[in-house]
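Hi everyone, thanks for coming along. Let me put the sequence and the structure up on the screen, and then we can walk through a few places together.

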Amino acid sequence: MTSINGEIDQYGFERAEDFDYESYEKFMAEYLSVLARRLAKWEKMLNGTNDVSRSTKVKRYIRKGIPSEHRCEIWMATSKAQEMKDQSPNKYNQLVSEPTAEQKVKDSIKIDIRRTYPENVFFKEIQDGLLDPLANVLTAFASYNTKVGYCQGLNYIAGMLLLITKNEENAFWLLVELVENIVPDFYSTHMLGLRIECKVLQKMINLLAPDLSQHFAQNKIDMELLASKWFVCLFTDVLPVETQLRVWDCLFYEGSKVILRAALTIILMNKEKFLAQTDFALLCNIFKEIIHDENALNCHNFMQQCFILPKSLSRAKIQKLREEARLEIEAEKR
């Protein structure tokens, strides 16, 4: 499963018939040596521990990618997930053995787990696969956070967490961290946080590329319609897996502004493609194509651009834009 040109990638995903093997092989020829160097540096820094106290060095290392060998423990340590797990050591097992989620929530989960990553070999069969663990994690979360319960999109996020952590309890606490602390309100009843983020994305495009913003407006491009899946799935089932994982490396350390950076990067890297097209249907098609193109596939370059193209994104600036977006949404309801 780990061969460069195999039909199934290292995470169990079957490659599409039109998969660009040539671009992938070209990228991997260079990236494998990068991975080896990064692993050596991480091993030296960790020195046999999981101590990743916040520092400029740790931030720099995370932006350059966490080796797959250490991804789970680093995600747990750099977020609040490990702390929450340590504070409630028996909580997950209790939620699994005595779930309190409503029956309609359980029924929704049962339906959706069958729709989760149908192209992944680990999600095809109940026995010896990840469908049962996925149901456990989602049901436990719905029992733990009754305000959110369950909504579509969480199945993809929890599924990816299981693929990476290979541990139900760790996947559960990382899901709690994402939903409750990193992207709160993305999964509330009215998904207010999601709508706000889409408006902030539009505002950022207007600030960074006013000509592109005007072009989108003239051609009736609705950012909420086209970018909602990016945000609600946190780029799972959107970007190539390795690129999405590199985004998550930074997400667990730096917070939700990384999601905005990634979305802006996808759009700004393809600015000329958008500007060259005026047909609405073809513009929408560009949005579908660019998340799988060579720019998106080259995760190393993509992440470098994430911290160059969007320029400075201070928490204060993002908070100001989010508040503006919130007021606009409230005004629309009147």
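This is a predicted model: local features need pLDDT of at least 70, side-chain atom pairs count only at pLDDT 80 or more; totals for chains, interfaces and linings use all residues.

Residues are numbered from 1 along each chain as its sequence is written, and side-chain values use heavy atoms, with hydrogens and water left out.

Let's begin with the core. By nonpolar core I mean a set of buried Ala, Val, Leu, Ile, Met, Phe, Trp, Tyr and Cys residues joined through side-chain atoms within 4.5 Å. Buried is under 20% relative accessible area, exposed is over 50%, and partly exposed is in between, using a 1.4 Å probe and protein chains only. The largest nonpolar core here has 113 residues, and Leu154 and Tyr187 have the most contacts inside it. What does Tyr187 touch, leaving aside its neighbours within four places in sequence? Its partners are Val148, Cys151, Leu154, Ile157, Val179, Phe231, Val232 and Leu234, with contact meaning heavy atoms within 4.5 Å. There is also a second, separate core of 7 residues, including Tyr24 and Leu297.

Leu234 sits in the loop between α12 (223-232) and α13 (241-254); helices here are DSSP runs of H or I with at least four residues, strands are runs of E with at least two, and both are numbered from the N terminus. Leu234 has a positive phi of about 50° although it is not a glycine. Most residues other than glycine have a negative phi. Is Leu234 buried or exposed? Leu234 counts as buried because its relative accessible area is 0%.

Now compare Lys166, in the loop between α8 (154-165) and α9 (168-182). Lys166 also has a positive phi, of about 55°, and is not a glycine. Lys166 counts as exposed, because its relative accessibility is 70%.

On to the helix pair. The axes of α2 and α13 come within 9 Å and cross at roughly 155°; these axes are lines fitted to C-alpha atoms over the stretch in contact, and angles run from 0 to 180 degrees between N-to-C directions. The two helices are therefore roughly antiparallel, since angles over 145 degrees get that label, under 35 is roughly parallel, 65 to 115 is roughly perpendicular and the rest is oblique. On the α2 side the contact is made by Val58, Lys59, Ile62 and Arg63, and on the α13 side by Arg246, Asp249, Cys250, Tyr253 and Glu254.

Finally, two polar contacts, meaning pairs of N or O atoms within 3.5 Å; within protein, one must be able to donate a hydrogen and the other to accept it, and residues adjacent in sequence count only if both atoms are side-chain atoms. His70, in the loop between α2 (56-63) and α3 (71-78), is joined to Glu73 by a side-chain polar contact of 3.0 Å. His70 is buried, with a relative accessible area of 12%. Lys203 belongs to helix α10 (residues 192-208), and a polar contact of 2.6 Å links its side chain with that of Glu328. Lys203 counts as buried too, at 17% relative accessibility.
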